Amino acid sequence: MAHHWAEKHISDPEEFTSWLAETLPDLEIAEAPGSVRVREEARRRLRRLASRRVRMFAMEGAFFSLLLLAGIGFMVWTLHRERELELHQAGFLAATSHELKTPITSLRLYVDTLAGRSLPDEQRAKLLENMAEDLVRLDDLIERLLLAQEMLRGRGSPATEVFDLAEETRKAADSLASTLALGRYTLEADLEEGLHARIHPERWHLLVKNLLENARKYSPPGSRIELRLRREGNHARLEVRDEGSGFPPEERERIFQRFYRIGSEDTRRSRGTGLGLYLVREIAGAFGGRVRAHSDGPGKGALFTVELPLVDRIA
Amino acid sequence: MAERILIVEDEEHIAHGLKLNLEAEGFMTAIAREGNEAIEAILEDEPDLVLLDVMLPGASGFEVCDRVRAAGSRVPILFLTARTAEDDRVRGLQLGGDDYLTKPFSVREVITRIRAMLRRQRWYLRSPAAGEVVAFGPNRVDFRRYTAETRHGTVTLTQKECMLLKLLIEHEGEVVDRDTILDRVWGYDRYPSPRTIDNLVLRLRRHFEEDPRRPEFLQTVYGVGYRFRGSVD
């Protein structure tokens, strides 16, 4: 193999020295009779440079390796999260379509019945009334799901307008009144007037409805659900209390997680979307407030408390 | 006498719609709104058929079916499910349900299915000429209890196994063709795969034959169907 050597035959020391000086300028070579001088400083400098270069490369190498690892790690994590989200999305979609099928099923039954049978007027009227309720329910469900989707993507713009809390809370409770009555639940509402806060009304409705739905879902038919709104200092406090299955006290943070649900596999997989409480927390947070859950244990009911900063209404 | 149907459904409007239509068709109805309530109603009141929603508070529909079957109830069960996933449907049938309907369903579909199921149940409950216990070879089959004494000991038979066996025994000596088997034992217009009958026969042979590959009692008539021979020639 041909090596590339620069060769200089040593015949003339002077020539040789000047050639050396040319070849290695950093060394500061000087000529002296019978010898070659190298500046000590220069030699040291050169050596330092060489070792510095090695260090630099080593550090750069390490640095870039770390960067690469971090990059890969980040990608893996993102992909993992994406896949998790995808799975949850699929679960969300499945649960969603299941929720929608219920009012559609009763609507279909009623349409078939009205079309196929002649009924006394009173019964016809009852069926039509039920159908109207189902349509409202369907519409409401879709609105809530869209809102949920919006909130999942981000908290959105901050609330700027001031609303009457009792009025908005009442609206939300009223829209659930017939659903609750069907299950023979008793809703006790006690809403203090004159409380105002900066909220988005539709999101507040969603928060209240989700809390009430949650209470209903985990309570036996015929039981009582309490809805209270009170002033506490410069905060408004909303409480939803139920006599249902409660939860283990150590779970009181986890129940607000996305897709967390208590219950058997079948109930978990299809009753609701698993986002109810998660959205309650997101919405409360978006309005500058917070929510807490409390239960004395399974079978001992539950209490959910939402606190919101109040705004003094400018008359 | 009017047949009694138990509607197990927690959604009020659906329960109401079903009740209205079933009563208009001459059935008597009762409603259970929760899993444990349903189990009690089935075991104590012994309805003639159960419409069972899968999504229930308390125990799920699958659990209800599992527990009443374990307790010995053979009441025909028609699952109502919003889930169309194949696994869920198969699971219901494996747990001992007889049929399923996916939501939303039409009134006509419900009524037709119910009538078909009741018809099959009535046929099954009519005792064969020989009585409710049939003996062949070392085997004794109790069609009421769905059990059999065999050379391998006592075995529990599934609903389908009993229905097929009964059908073949009722036609002892004659060939029963596959269409008749499908109609009598499955009865709806969605037929299982062709292998399903074969697998069922294979299971029966494993219980009752000394050598399942050379059956004495449950014979194959190739290209046509199956035949039961009660005594060995």
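This is a predicted model: local features need pLDDT of at least 70, side-chain atom pairs count only at pLDDT 80 or more; totals for chains, interfaces and linings use all residues.
**Exercise 1. Which residues of the largest nonpolar core touch the most other members?**

Residues are numbered from 1 along each chain as its sequence is written, with chains lettered from A and ligands numbered from 1 in the order in which they are written.

Step 1. A nonpolar core is a set of buried Ala, Val, Leu, Ile, Met, Phe, Trp, Tyr and Cys residues joined through C-beta atoms within 7 Å. Buried denotes 20 or more other C-beta atoms within 10 Å of the residue's own, with C-beta atoms placed from the backbone.

Step 2. The largest such core has 40 residues, of which Ala197(A), Leu207(A), Leu211(A), Leu212(A), Ala236(A) and Val280(A) touch the most other members.

Step 3. At least two core residues come from each of helix 4 (165-182), helix 5, strand 6 (224-232), strand 7 (235-242), helix 7, strand 8 (290-294) and strand 9 (302-309) of chain A. Helices (H or I, at least four residues) and strands (E, at least two) are DSSP runs, numbered from the N terminus. Helix 5 of chain A gives the most, 7 residues.

**Exercise 2. Describe the packing of helix 5 and helix 7 of chain A.**

Step 1. Helix 5 (residues 201-217) and helix 7 (residues 276-286) of chain A pack at about 145°, with axes 9 Å apart. Axes are lines fitted to C-alpha atoms, for helices over the stretch in contact, and angles run from 0 to 180 degrees between N-to-C directions.

Step 2. Among the residues making the contact are Leu207(A) and Leu211(A) of helix 5 of chain A and Val280(A) and Ile283(A) of helix 7 of chain A; contact requires C-beta atoms, placed from the backbone, within 7 Å.

Step 3. By class, this contact has 8 nonpolar, 3 polar and 2 charged residues. Here Ala, Val, Leu, Ile, Met, Phe, Trp, Tyr, Cys and Pro count as nonpolar, Asp, Glu, Lys and Arg as charged, and the others, Gly among them, as polar.

**Exercise 3. In what order do the 5 strands of the open sheet of chain A lie?**

Step 1. The order is 4-6-7-9-8, with mixed pairing; two strands pair if DSSP finds at least two bridges between them.

Step 2. Strand 4 (186-191) and strand 8 of chain A each have a single partner strand, so one side of each lacks a neighbour in the sheet. The twist averages 15° from one strand to the next.

Step 3. Strand 9 of chain A runs antiparallel to strand 7 of chain A, joined by 8 bridges, and pairs with strand 8 of chain A in the antiparallel sense over 5 bridges. Thr305(A) is the bridge partner of Glu239(A), and Glu307(A) stands opposite Arg290(A).

**Exercise 4. How many residues of chain A are in contact with chain B?**

Step 1. On chain A, 22 residues are in contact with 20 residues of chain B.

Step 2. Helix 2 (40-116), helix 3 (121-153) and helix 6 (265-270) of chain A each give two or more residues to this side. Helix 2 of chain A has the largest share, 12 residues.

Step 3. The side of chain A that touches chain B divides into 5 nonpolar, 10 polar and 7 charged residues.

Note on methods
Two residues are in contact if their C-beta atoms, placed from the backbone, lie within 7 Å. A residue is buried if 20 or more other C-beta atoms lie within 10 Å of its own, exposed if 12 or fewer, and partly exposed in between; C-beta atoms are placed from the backbone.
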